[in-house]
Amino acid sequence: MIADTACGYAAFSLMPADCSLVTVEYKINILAPARGALVARGEVVRPGRTLTVTRGEVYSEDGKHVASMQQTLMMLAGTPDTPE
């Protein structure tokens, strides 16, 4: 979940304010058991008009790389997440 969130916010940082995002697909590799708090970093691999590809990495408190993720997200134009 933390990798999905990091990737989603990375993609959302390039989108207009009046849109929202949905995950189309993702693949996550669990590399090692995590101990303590987790830190995730997401980055955009390829932005697109509708689909954006992101990559995320998760590290445990001791700095160990515990998971890697690649994700595709779809922008829903004109559908903000804010209540009206």
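User: What joins the side chains of Ser60 and Asp62?

Analyst: In this predicted model, a polar contact of 2.4 Å joins them. The cut-off for the N or O atoms of such a pair is 3.5 Å, so the contact qualifies on distance.

User: Why is Ser60 called buried?

Analyst: Ser60 has a relative accessibility of 4%. Buried means under 20%, so Ser60 falls in that class. Ser60 belongs to strand β3, residues 51–60. Leaving aside neighbours within four places in sequence, Ser60 is in contact with Ala34, Arg35, Ala37, Leu38 and Val66.

User: What makes Val58 a buried residue?

Analyst: The relative accessible area of Val58 is 4%. The limit is under 20%, and therefore Val58 is classed as buried. Val58 lies in strand β3. Not counting residues up to four places away in sequence, Val58 touches several residues, among them Ile2, Ala3, Leu38, Val39 and Ala40. The list of contacts also includes Lys64, His65, Val66 and Ala67.

User: How far apart are Val58 and Leu38 in sequence and in space?

Analyst: Val58 and Leu38 are 20 residues apart in sequence, and their C-alpha atoms are 6.7 Å apart.

User: How do you know that Thr52 counts as buried?

Analyst: Thr52 has a relative accessibility of 2%. With the cut-off at under 20%, Thr52 is therefore buried. Thr52 has its place in strand β3. Not counting residues up to four places away in sequence, Thr52 touches Ala11, Met15, Val44, Arg46, Pro47, Gln71, Thr72 and Leu73.

User: Which residues make up the largest nonpolar core, and what makes such a set a core?

Analyst: The 7 residues are Ala3, Cys7, Ala32, Val58, Val66, Ala67 and Met69. Strand β4 gives the most, with 3 residues. A set is called a core because its members are buried, are of nonpolar type and are joined through side-chain atoms within 4.5 Å. In soluble globular proteins, nonpolar side chains tend to be buried together.

User: What do the buried residues of α1 pack against?

Analyst: The buried residues of α1 are Ala3, Ala6, Cys7, Gly8, Ala10 and Ala11. They pack against β1, β2 (38–46), β3 and β4.

User: Why are Tyr26, Ile28 and Ile30 called a nonpolar patch?

Analyst: Patch members need over 30% relative accessible area, no salt bridge, and, for nonpolar side chains, a link within 5 Å. Tyr and Ile are both among the nonpolar types, so the three residues qualify by kind. Together, Tyr26, Ile28 and Ile30 have about 320 Å² of accessible area. Tyr26 has its place in strand β1, residues 19–30.

User: How many helices and strands does the protein chain have, and in what order?

Analyst: The protein chain has 1 helix and 4 strands. From the N terminus on, the order is α-β-β-β-β.

User: What share of contacts joins residues at least 24 apart in sequence?

Analyst: The share is 62%, taken among contacts between residues at least 6 apart in sequence.

User: What share of the protein chain counts as buried, and how much area is exposed?

Analyst: Of the 84 residues, 26% count as buried. The protein chain exposes about 5,600 Å², and carbon and sulfur atoms supply 56% of that area.

Note on methods: Residues are numbered from 1 along each chain as its sequence is written. This is a predicted model: local features need pLDDT of at least 70, side-chain atom pairs count only at pLDDT 80 or more; totals for chains, interfaces and linings use all residues. Side-chain values use heavy atoms; hydrogens and water are left out. Patches are made of residues with over 30% relative accessible area and no salt bridge: like charges are joined within 9 Å, nonpolar side chains (Val, Leu, Ile, Met, Phe, Trp, Tyr) within 5 Å. Accessible areas come from the Shrake-Rupley method with a 1.4 Å probe; for residues, only the protein chains shown count as cover. A salt bridge is a side-chain nitrogen of Lys or Arg within 4 Å of a carboxyl oxygen of Asp or Glu. Helices (H or I, at least four residues) and strands (E, at least two) are DSSP runs, numbered from the N terminus. Buried means under 20% relative accessible area, exposed over 50%, partly exposed in between (1.4 Å probe, protein chains only). A polar contact is a pair of N or O atoms within 3.5 Å; within protein, one must be able to donate a hydrogen and the other to accept it, and residues adjacent in sequence count only if both atoms are side-chain atoms. Contact means heavy atoms within 4.5 Å.
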